[in-house]
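This report describes side-chain contacts and surface features of one protein chain. The sequence and the structure come before the description.

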Amino acid sequence: MDEPIDIEALQTLVQQHRAQLGLSLRAAAEQADVPFNTLARVEKGHLPDLANFTRLVDWLGLSPERFFQPQRLRTESTPDVIAFHLSRDPNLTDAAAEKIAGLVKELYGSLAARESEVKVHLRAASTFTPQASRMLADLLATMQNKLTASDTGGSAQERG
């Protein structure tokens, strides 16, 4: 995102608009009042000069501001990231993007809340030696294997 203009959005919208109108590249270039080679380059992701950019944006019926990107995006949270991407979606109006972002922010705030943390304290931590840790790990692994075997219909001997 080094360019100040979102060329990918322009490229996508130009291609979609031309396809919706059922125009060839040459016919679309004539209708948009830009040179054929310029339109072809835009559809390949190249930035046009300012005059042709303005003509293409007019042809799309959009405001030029829609394609300008902030110099640096600093996001504070997941809803901010989602709101940013929604604002760049060419299929949404600004009002629609804001409404969806508001819903996402509200839902995220209520559903993404962390459950209360469970703190565990081992009173015997100072006596919990590496050997005891390995024995406990082995015991838990054995229990897990037996539970897994019983769930999958393992033999009675495997279940011990």
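Which residues form a nonpolar patch on the surface, and with about how much accessible area together? The patch is formed by L136, L139, L140 and M143, with about 360 Å² of accessible area together. Patches are made of residues with over 30% relative accessible area and no salt bridge, where like charges are joined within 9 Å and nonpolar side chains (Val, Leu, Ile, Met, Phe, Trp, Tyr) within 5 Å. Accessible areas come from the Shrake-Rupley method with a 1.4 Å probe, and for residues only the protein chains shown count as cover. Helices (H or I, at least four residues) and strands (E, at least two) are DSSP runs numbered from the N terminus. L136 counts as partly exposed because its relative accessibility is 37%; buried means under 20% relative accessible area, exposed over 50%, and partly exposed in between (1.4 Å probe, protein chains only).

The model is predicted: local features need pLDDT of at least 70 and side-chain atom pairs count only at pLDDT 80 or more, while totals for chains, interfaces and linings use all residues. Residues are numbered from 1 along each chain as its sequence is written, and side-chain values use heavy atoms, with hydrogens and water left out.

**Salt bridges**

Side chains of opposite charge can pair when their charged atoms come close. A search of the whole structure finds 4 salt bridges, each being a side-chain nitrogen of Lys or Arg within 4 Å of a carboxyl oxygen of Asp or Glu. The table lists some of them, including the pair of R88 and D6.

| R88 | D6 | 3.2 Å |

The salt bridge of R88 with D6 links distant parts of the chain: R88 is in helix α5 (residues 78-88) and D6 in the segment before α1 (7-21), 82 residues apart. R88 counts as buried, at 17% relative accessibility, and D6 is buried with a relative accessible area of 14%.

D33 is exposed, with a relative accessible area of 53%, whereas R55 is partly exposed at 33%.

**Aromatic contacts**

How many aromatic pairs does a search of the whole structure find? The search finds 2 aromatic pairs. Rings of Phe, Tyr and Trp (its six-membered ring) pair if their centres lie within 6.5 Å; planes under 30 degrees apart count as stacked, over 60 as edge-to-face and the rest as tilted. The ring centres of F53 and F67 are 5.9 Å apart with the planes at 85°, so this pair is edge-to-face. F53 is in helix α4 and F67 in the loop between α4 and α5, 14 residues apart. Both F53 and F67 are buried.

F53 also forms an edge-to-face pair with F68, at 6.1 Å centre to centre and 75° between the planes. F68 is in the loop between α4 and α5, so its pair with F53 in helix α4 ties together parts that are 15 residues apart in sequence. F53 has 2% relative accessibility, whereas F68 is partly exposed, with a relative accessible area of 41%. F53, F67 and F68 form one aromatic cluster.
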